[in-house]
Every structure is written in structure tokens, then in C-alpha cells.
Amino acid sequence: MLQVTINHHPCAFENGISILDALRMLSIHIPTLCHDPRLQPYGGCRLCLVRVKGWPGPVTACNTLLSDGMEIETHSSEIERHRRTLLRLFAQRYPAAPARQFPDKEFHDDLRAYDLMDELRGAPDRSLVDDSHPYIRVDMSRCVHCYRCVRICNEVQGQFVWQVWNRGDSTRIRPHSQTTLMESSCVSCGACVDSCPTGALEDRSLLEHLASMSWTKTTCPYCGTGCEMIVGAHQGRIVSIRPALHSPVSKGHLCVKGRYAFDYHYAHDRITTPMIRQDGQWKRVSWEQAISFTAENLRRFVANYGPDSVAVLGSARATNEENYLAQKFARVALGTNNVDCCARVCHAPTAVAMKLMLGTGASTNSFDDIERARTLLVCGANPTENHPIVGARIKQAALQRGAHLIVIDPRRIELAEYADYHLPLRPGTNVPLLNAMAYTIVEEQLYDAAFLQERVSEWEEFRNFIQSWVPEQVAGACRVSADLIRRAARLYATAKPAMSIHGLGMTEHTQGTESVMCLVNLALLTGNLGKAGTGVNPLRGQNNVQGSAHMGCEPNHLTGFVALEQGKNLFESAWHAPLPAKKGLNVMEMMDAAEKGELKALWAIGYDLFLTNANSSKTKRALQSLDFVIVQDMFLNETAREFGSVFLPVASPFEKEGTFMNAERRIQRVRKVTQPLGQTWSDWEIICTMASAMGKGSFFNYHSPEEIWDEIRSVWKAGSGISYRRMEQAGLQWPCPSGEHPGTEILHSDTFPIGKRAALRRIEFNPTAETTSQEFPFLLITGRTLYHFNAGTMTGRTNNTLLGAADRLDIAPQDAQRLGLRNGQRVRIRSRWGEAILSAQLSPAIAPGELFATFQAPQVFLNHVTSPYRDAYAATPEYKVTAVAIEAV
Amino acid sequence: MSLETLSDQLLAEISEILAKHPQRRPALLPILHACQRRNGYISPEIERAVAELLGIPVIDVREIITFYTLLLPKPVGKHHLQFCTNLSCHLQGAEESVAAACRRLGIEEGETTADRRFTVTTVECLGACDMAPAMQVNDDYYANMTSDRVNELLDKLS
Amino acid sequence: MEKILSKHFFNPEARRLSFYLQNDGYEAARKALTCMSPQEIIEEVMKSNLRGLGGAGFPTGRKWSFIPKDSPEPRYLVVNCDESEPGTFKDRHIIEWTPHTLLEGVMIASFAIGAHQCFVYARGEYVRYANILQTALEEAYRAGFFGKNIFGTGFDLDVMIHLGAGAYICGEESALLESLEGKKGWPRLKPPFPAVSGLFGRPTIINNTETISYVPVIIRNGGEWFSRLGSLKSGGMRLYSVSGHIRKPGVYELPLGTSLREIIYTYAEGMRNGRKLKAVIPGGSSTPVLTAQEIDVKMDFESLAAIGSMLGSAGVIVMDESACLVKALAVLGKFYQHESCGQCTPCREGTGWMTRILHRILTGRGVKGDLENLVRVANNIQGNTICALGDGAAMPMISFVTKFREEFESHIFHKRCTAVR
């Protein structure tokens, strides 16, 4: 501890903090302009100068470390005079109007505190205003040159948009485009706006709503990163979202989706009353009518065709509590294990592979390990677009810390620019590539012998097996040189700790589960498991996709990913109800059963399966065959539009309480910001009411999400220590088996849930049946982009549409030239399974002979094109490889 | 390819500079000097070519040019008359010399003659206070540039 | 007294290696590299009391001793030849007339700190003078004085001459390093100091051209010999640049502690046209101005500090009664405004503000309170900025207004200039 004196009061502090940190801990306010806790101390504004006894001149508090014995004075008349003079210099060039209009800005606070409001002499200057961006307004006549925008763009987002021009008092900050922000490479994360102390950069949504607002902290409803945000509401309407500064995941940063794309709440086509389809027409009804009509039908199907004639789909968008209820409803109220969720179509292979091999089907490590790893292996993921906060952290690790980066991806994604090695493999060849890396590690004896000895089994068998996976022999098939494969393997095996991060480019293949197993093999071989900066880490796609499956929306698993037979007794006694013994159907099998007439009714909660499941013609046949389709959503999605019998309108995550589970097993609170719009209900309320209408109310007698959560904690030991009260401060990572347990950042440190050792798997390569031919010469990869989220339900109803199109077909310039295609030209894309029309976009990131398209626009309906092939273990569709032909429309 | 903007000679000079610098970014100023020596100023095309050559964003090059006064984003006359007007030269009547040059050439300070032969600018201290009033014409220093001597020099250069 | 650096000024022959060698050239370097350990060299330089002659006056030997010893990490010597302080032109004379002296100093200093790479950063305007240095360097390379295995000792040293591009701030050592790295010259926060983390993050010693040029004679004749040439704490000789209203402007090499009066009247031959001396800036434009009554001061670090000024770069600017000091100060104000890098507030905002006030006063629009404002802003800059440029801008403001207040007030209240035309 350091003993210091601050303003004549003795105090003690931990070592390693700055003078400013100490002052803030004591709530001693000194003005600062250039300081932002997210950034390296800068010491440029000079407002935080303080006196330290014995030092020749005043020192900047922000970048001077506290040291023992310091005698600090913060508000001597000399220092205060200095601060006032400095602020006065600014005032001469600063316009008065905004200072009065936005009293809450840091800088305006300081102006008032130093009594300078009457000395504001600057004039507004239209030439310094940039109105081009749909979310951000720029008015550099209010710039005070703290350079926070420049630094946060560089140090946190890594986008380098803001540039400093000229020098001295002619210094100007401009976007690098030299024109407008809209024309720059800005990714609209809004970090610069959040940091700006004056409002030179400001959210447009705030300019329109000046009145006082209430702010609520919650968890982002978009991807599985789990960023925390504070949501500002004015008169019951959400008007602004800002990053939560101390979030363990996002650390005060958000992306364009979380930060700005919230207007879908108020889209004109949001459904706010329940509806029943009568004679082909949707008819608005009361909740009583909707519930009794639905319950009656469900009862009828169960009575006439048995409980397995009905299925329930939980939602990766809903809370843990709601997913828990959805599966409990299926098992207890209906009596079937036919319950699944959309994890099936994304990371189910990861869960299966990691559960089988390591005993836990979730990330072994945490996002904080990105900063601890010496090497990052990113496979089949495009984090800077799809998990932008993770992407930014990886980018910073490579840029600032010099971490090694290996990117395995067919496309030259943004991270490839910062990578030591980019392995642009042919789509569908993950298994041979990763096996060849394993070969290199074995052949060159780069494995961790001690780890193999202690923690790994079947090493000898694996060593023999891997002999046939010589890089030189797979190089052709993978389209990656043997040298590059070997170099990547060496780096991963030797520059330790090394951490792998993977996405759907690994899983959405017929060998999805096997690909992840190969990745786990690499971690086992090199001992990159159970330690800081290591592990196998899936980036989960949706806010609660990890939670929805984990809560038991899984035909073979109960809450906590417990196998049916294993958990039967525990759950029967907890729920006071018998459980169905028969294995349930997963969503793909549900489609098969529907087509065969075995499945009659389906309740789809927050899941537009018609639009998003692969091979739409098959999905259509299946859904058409169903007698009764309940759709629960915010919008009349494609499934509802075509096949819905009942529509139950729901509250958004900003309109309810609950929890989400992010990709690193962290459970975080979701809090109600505004009342549910119109007559929308939370999913949990609907499920409970439905159960009650079916005479099962006693099993679903809950009054709050917290009550549901406490029941979950009672059946799921690894989550039992995670209470709402504890989550008030910050989310916790399971396993967290007791109220005192701090949560688990890193799994498998000493042992695996399956024992001391994990076995290496010998994975053969079974290529997909989906191959190119003369008729279908291109391989199509589908995916998403920065500005749009999944099916576009939310982002498609916001100004994100102005920032990026959702109907894009990326094509290599060589191919475009050969086919005579221009940028923006409408192109028909045709596979063995169907066709769709998109806009061509020439992109050097895509390899010749390959295409990349987004599935995010309902009007495009890209899944007409994708194939019916599925992963052998998890039944996940092969979204990433489809042979297609293209032609100009 | 914007590299075509650079002449072979210049490219040769640049490769020589690059060979001397183990890291690329530190070669930026020397390369910009070389470009300006050959081209007279740093055109947007050159900016792009240099950025490409060094693998840095073109805007980084622009940022540097806006910071350093000797790097010229616009062309100047064949003879670039740079009058020091800092203290020692001011004390020796630098302003009159500038005025004399402008009068003689029929331009204002900061301008270039229509025939693109002369540009007159004022600059900060040249480190030639012993030569006050001092001026620099392109790379060469000139001492005691009183109005008369300015006119004599312009006679010679015209 | 015998000249050291200026002995052969204005003799073009002296630039040649052959001439230099005939005059014991590179003998000091040979002695240093073959007969002395780095530690002995540093001790000798410490004994000499040689101090940083760029302006800061930091003891050179001590600076060298900060370089981490016994570390395999590469380190650099950087010679600051970005001479841009108004009133200063001595470094230009060194590289123009005695480039080998600098190069020999570079060799000794590099050996002392264990550097195998030296950068000489010359201001961009000095392109002709840098060429002279380059020619000398190439000659020395050819003669085996640079490159590999110098004097057969196994010591390797390469020197690169780098041109700035027009920014006074790059004379500030950390801004200079940024510029050498190809960035704009924004000074770095200190600590860490360059001796720990300098060029490319490596330990780096930055010395002024003149400082390094005095190293050979110190090694040749001994540190004590050199220190006896000057006053007690500031050892040896130095080059005084004298300009302004003076009969014989130029560079004068004199012992530290020579009186300003002597420099002006004896060496520079006094005022012109019988004019009366009014004011003298003793050490480059950033140092506080002196009145005619103060010129008996000894020109060394301590004596000038004692009367509230500084020796700085020893650039003496002499102003006679015909000088309008409001105009003179406005000229300096404009200079600092033009050269402020823009990184920290007091300097970026303050220099522009001060210049605007001075311009107002000069154009007859001065008002009561202007001088107080000027001094307040200057005080606000001084000591409160990231680098010393702010101090350099503030000190002339405060000293001019304090010492010549009447002249400023005459402009403000009587709209009249008191300079004698």
C-alpha cells in the first residue's frame, strides 16, 4: 500500500494507480478533457494538473503514477487559476448555444463550474458540420482537441478513421476520407461519440430528444458476445444506447448493431395484438381468445395423435428463464421431448464435439484470454463483422500487443490483414487442413509431451492415424500450400499460450462436428487447454443461443446439458411430474416428421425457421404439412406469414427482465427499460398462461423471471451460485456451484468433467456430396455482415439499411469480369435446390470460383438455394457449401 | 497502378532509400523529399504511390504533409523565394525585402507568377541570422537580401 | 584563446578529410576506441563539465551514463542538428566548415554508449549543409573510419543523415524521434526518457551537434583541461551566435562565462550607426530578454539563471533603440503559434491567443487589461505543457512585457510607438 497525503488528508492506496485514479476513488473532482478510462493516459489537455510537493512543476494527474509519500494538492488557488485560464482559452473559440443546450456534457459542466458560460465567443461554422451519417452528427466547431475520438478509434476499435491535420491552433480533426464520415471506413461503433466530451460528435437520436432521460443497464440483444449497455428512454421510448463502461465483456465498447440499431421497436409493422388466422386472413383477437384457441388445439393434437405429434422451438433471442419454461412446457405440459432451438442450425456441432471430447459443450476460456494469448487461431469466423467487440479485441491484440494471429477462412476477411498467416482454404476442407496441422505438430515433435502424458489418452493410436495426413498431400484439396499449413501449425504449437476462436465456418458443414473435434485435437496435442490464453472457443451467434440449448431446448438434454436418461430422476422430483422417456426430435427431424405427417403442430418461439433453415423448399413442404403453427415473435415473420395459425406478439428484451448466457458461459442480467409496447407479453408470461389454460398451471406458477431463475439454479448445480443479487454487479460464468464461488473463467484446469484425460479423436474426412460441376461451377458460402443481424428482422427495420445492403453477393473481380458483371448488377444464383436474386459486389476478399452471400433479406430468401445436407452428428445444415451457377438477371 | 506515377529514376532513388531503412515507415520523410526534389511538389498521385509503396494508408501520408511545412501539396514556381521574417531578419528589414520582391514580380506574398517562374513566401527562422535579412531560393541560402540585393538577384534569375 | 571548433571556419579546405587528418583528425577517436573503455570516456566527459549546448544544458556525461549497461538491446545515438531556435546558427557553421569534427565526436560518443547506429537529424532547410556533411561522411567511410571493425577494434558504426521537413518542434528530442520514425513531430510524454525508451523504443541518447563536436578535444586534451577553459560549473568553450543590430554578426567561440558586454562590444564590434542598445535576447528567442543595463552578465548557465534568463542555445539577438519591441514580440508570437504542434492545450490555444492580442496592440486596438491577459496566459503555458516549446513561447512574453512595459503601454494607451527611427 502507498501512503500519501491528498489535500492534507492522509490516505492509502494500492500500488500501480495514477494520481487521477486515486482522486476519483476519493470522489475528488478535477476537470479532465482528454482522459477516458478506456484509453492510454494522454496528458494533453493539462486540466488535471496538480501540485505534488517537492516536484519542480505541476504534474498531470492522469499519467503520473501515485508513489509512496506523495503530498498532493488538487485545488490550490494557483492550480484553479490555471484551470480557469485554460478553459477560458477554449471558451474564446467555443460556441455558446450548445453549451446551454446540452448542459450534461463533461466540457459544459466544466465551463459552468469555472463560471465561463458568459465568455463563450465562438461562432457556429457550417463548414465544420458533417450531416452525412445516419446515426452520428459531426460539428467540429465544438472540437476541443482532446483527441479522444482519434484515440478511441485507434486504441479500442482499431479503425483509424479520425485523422489529425495541420498543427498548432490550425489543427483539425477530419475523417480520413477527407470528405464525410459516411464516406470514410467508419464502422459506426459510436465509440468516438461516446467519448467526445463536448458533443462535437453526437448521436442523432439524442439531438432529437433533448429532454431528461432515464438510463437502464442491460445486456445487448444481438450477438452472443454479451456486451452490456445502458439504454436511455424518454417518455417510455428508447432514444439512445451507450456502452456500459465497466462491462467485463465489452469494456465500454459496442458495435453499430447494439449501439444504434434499436428503432425496430417502433417499426410500423411490429405486431402488438395477438392474431388468429381465419379463412386465410389474420384477425386480431384478445389474449384470452388467442390462448384458449391455442391451448384447445394443442390439447386436441396431444389427445388425438399423442404428445409426440407436437413440438416446441425455444428461442435464442429469449431469456434463459423463458427457454427453461419452453422445454419444461414441452416435457411437462405436453409430455414430449420434441423441443429444440436454433442452436441446431449453428453451433450444435461445437456443443456435441466439445461435450464428447472434453465433457462440456461450451467455450473453455473467456474473452479476457484474448489479451492473454500469444497466438490467436481464428477459424471459420469473421469477428470484426459478426462479433465486432471480440473482433476489435483480437485486432488490438495483434496491432498493439503484437500477438500472433492465424486466420483460417476461405475469404480474406479483415482480420487476415493483421494475421501472420492466412490460410484461404477451399470451403468444406476444414478436416484435412486441421489434420495436416496435427500431422505437422506430431511429425516435428511440437506437441506438449507432459500434457499428453498427464491429460490425454489414445495418443499412440492418434500418432499412427495422423501419419497419413501429410500436408503436401492435402495441400491441393485444401488449396493451401503445405508450407503455409506447416508454418501455421508451428506457430500455434510453439508461440504459446495459443487460443482458438471459431465460428460457423467450422460447424455448418456435413463434417461440422468432426471439424470441431479436429480443432480440439490441436488443443490437446499442444497443451493449449485449461490455461490462461488457450482453449477452444466458439463465438456464439445470438445473444442467448448458448443459453437456450443449455436451458434444455434440446431433444436429448435437460437443463444444464444433462442427458435425458441421466437427469430423469432429478427433474421428475424437482418438477413433480413424470418425464417422457422417448428421445425427442431435433428441428431438422421435426421437418422430416412433419413432411411424413407424423408431426401435427409446432410452436415456434422467436425463430423464423422458414426463412433461416437451409433448403427452403424442404422447409416449405414440411411446414405446409403441419396442421397447426404457433408463431411467437415481434414481427409477422416469414414462417408466420406463410404458415402461421396463431400469432402471439412478444415484448422485446428491452421490455422485460431475465438473463442471457453469452459465448463465454457468462450469465448476465436483462433489465426492463420500457413497458412492453401495446399488448405484447413476455415469452415467459405467454408460456405460463398457456400452461394454465391447458390445466398445467400448477407446474408453471411463477410471478417473476427471478423466481424461474431460482428454480433453474435448483436443478442446475453449475449455475446454483449465480443469483440475481450477485448479478447486479456483473454477470458470472458457470460453473459457479455456490453463492461464494467466483465463477469459472477457464475450464478443465486440472481435470475434465469426463475424467482426468481427454481422448484424441481420429477423424477421417468424408467430403460433402455438394460439389461443383460444369452446370454449377461456383461454391457459395453464406453468412452475415457487419450491419445486419441474422434474418434481418431487427436491423432491416433500422437505419442500418442505409449503412450496408443485406442482399449482397460477393464475387471475385476476375470472375465478374469473365461473366461481364458490374458492381450492383442483379444476379440470379441457381443451385440444384433452388434460386435467388442478389446484387453483385466485386470483392477481392473472395477467391475466384467462390461466392459469398448474405441470408439477411427476406426478399432474397437465400435458403431457397442451400442444400438439404446435414452434419452427421448434430444434423446442422451445410450452409457454407453450395454448388451454384450465376447469371445476370 | 499508381506506382507508375513515379519515374524510373525516382523509383531507383526510393529503392535506395528503402534499402537503407530496415523499417519502412521511417523512410517516409526521405522518400517524400526525394519525390519533391524530382517533381517540385507532392501531388495526390505521388501521395498514393508512396502510400502504396510503404504499405500505409494514403491519408497517413497526407497527415504528414499537412504537418511539415517544407512538404508542398501544391506546385511552386521554378524559383521559390523564401524570405525569413523572424526576429533577426525582421530587425534588418526583411519586410521591405519581401515587399520589394512582390512589387517587382507583381504578386502577393504566397503567390506564384503567372509564368510559374517565381513564388514568394515568408518563412520562419532559417538558421541564418548572421546573413540577415536571409532568404532561401530552392535549396540555396542568400545573405544580406536587402531590397536592392533582391532586385539584383531577380535580375540575374529573370 | 585558441579556437577549437571555429579554428578553420571559412576555410573550405578544412572540410576535407586530408586536411582534418593533418590536424590530428580522428586521433581522439582512435585513442578512445583503442585505449579507453566506454566507462573511461564517460568519466572524462563528466570531468569536462560539458553540458548540452542545444539549450537545456544537461551534463553530457551524466546523460550518457543513463544508457542501460550490459544489455544486449541495440541503442542509438541521435545528433540533433535541427537547429531552428531563432537567433541560432552555430550548428550550421559546424557542419559547413568542420564536419569531420562532428563525425569524430559521433564515433567517440557511439562507442561510449555502445551504439552501432547513429542518426544525424538536420533541419530540412539545411539541405546544402547536410550535403557537405554527407560528403565528409562518405569520405570517412571510404577511409575506414565508419562501417565495420573501426581501427581494428571490432567496433562497428553506421551513420545516417536524415533531413527534417520544416517543423521547429522536431528540435525537441522526443518529437525528433517521432519524426525519425516517419511520424509527425508530436513530443512524447516523459517518462520514459529516451535513454530508456527512445528511437523505435530502444535506449537512445540525443545530443546537440555542438555538444558532440566538443567531444574529440575533450578526449584529446582531457576533461579537466576543457573544464578549466570555462566557468566553474559549465565547462569549456562554446559557440555564441550573434545577430541583430550589431556591426559584425556571426559565430564567436569563447569560453563560457565571457560577459555579454564583451561579446557585443569587443567581438561583434558593437552597435551600428551609433545607435543605443535597447534589449538583448541572450540565448535564442525562447530565453527571457535582457535590458541594456543587464549586459554585464557572464554568459554561462548559472549567471544567466541568476538574473532570470537562460543561456539556452547561446543565440544572442541584439536590438537597438530603433527596434519596436511590440513588433519584435509579435514576430516571436507568430513564430510560436506557427510552430506549436497542437498536441496539448496551453500551447495550442495559448500561442494563438497571445499572438492575437499582440496583433491588436500593434495595430492600435489594444485595450486596458491586454498586458495582464498576455502575462496570465503566458504564465498558464509556462511549466504546464508536455514539452518545452510552451515555455519557449511564454518566457519572451513575460520578460518583454515586464521589462519594457512602458513601450507596450504607449502602444495601448497612446497608440504610439516609442522606437527611435
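**Close-up views of a predicted three-chain assembly**

**View 1. Nonpolar cores.** The largest nonpolar core comprises 426 residues, and A:Leu376, A:Val378, A:Ile406, A:Leu433, A:Val520 and C:Ile108 have the most contacts inside it. A nonpolar core is a set of buried Ala, Val, Leu, Ile, Met, Phe, Trp, Tyr and Cys residues joined through C-beta atoms within 7 Å; a residue is buried if 20 or more other C-beta atoms lie within 10 Å of its own, exposed if 12 or fewer, and partly exposed in between, with C-beta atoms placed from the backbone. A second, separate core of 29 residues includes A:Leu779, A:Leu780, A:Ile811 and A:Val865. The model is predicted: local features need pLDDT of at least 70 and side-chain atom pairs count only at pLDDT 80 or more, whereas totals for chains, interfaces and linings use all residues. Residues are numbered from 1 along each chain as its sequence is written, and chains are lettered from A and ligands numbered from 1 in the order in which they are written.

**View 2. Surroundings of A:Ile406.** Neighbours within four places in sequence are left aside here. A:Ile406 is in contact with A:Thr375, A:Leu377, A:Val378, A:Ala419, A:Asp420, A:Tyr421, A:Ala488, A:Leu491 and A:Tyr492, where contact denotes C-beta atoms, placed from the backbone, that lie within 7 Å.

**View 3. Helix 7 of chain C.** This helix (residues 127-142) has 16 residues and reaches 22 Å from its first C-alpha to its last, close to the 22 Å expected at 1.5 Å a residue; the expected span is 1.5 Å times one less than the number of residues. Helices (H or I, at least four residues) and strands (E, at least two) are DSSP runs, numbered from the N terminus. The buried residues of helix 7 of chain C are C:Tyr129, C:Ala130, C:Leu133, C:Ala136, C:Leu137 and C:Ala140. Because they cover an arc of only 120° around the axis, they lie on the same side of helix 7 of chain C; the arc is that of the directions from the helix axis to the C-beta atoms. They pack against helix 1 (17-22), helix 5 (90-97), helix 6 (99-113), strand 2 (117-122) and strand 4 (155-163) of chain C. On the other side of helix 7 of chain C, C:Glu138 and C:Arg142 are exposed. C:Gly144, which follows helix 7 of chain C, has a positive phi, near 85°.

**View 4. Domains 1 and 2 of chain C.** Chain C is divided into domain 1 (5-229), domain 2 (237-320) and domain 3 (325-414), with bounds from an automatic or database domain assignment. The centres of domain 1 and domain 2 of chain C, taken over C-alpha atoms, are separated by 26 Å. Contact between these domains involves 16 residues of domain 1 and 19 residues of domain 2.

**View 5. Chain C against chain A.** In this interface, 24 residues of chain C are in contact with 19 residues of chain A. Helix 14 (325-339), helix 15 (345-362) and helix 16 (370-381) of chain C each supply at least two residues of the chain C side; helix 15 of chain C gives the largest share, 8 residues. By class, the side of chain C that touches chain A has 7 nonpolar, 13 polar and 4 charged residues. Ala, Val, Leu, Ile, Met, Phe, Trp, Tyr, Cys and Pro count as nonpolar, Asp, Glu, Lys and Arg as charged, and the others, Gly among them, as polar.

Definitions and conventions
Contact = placed C-beta atoms within 7 Å.
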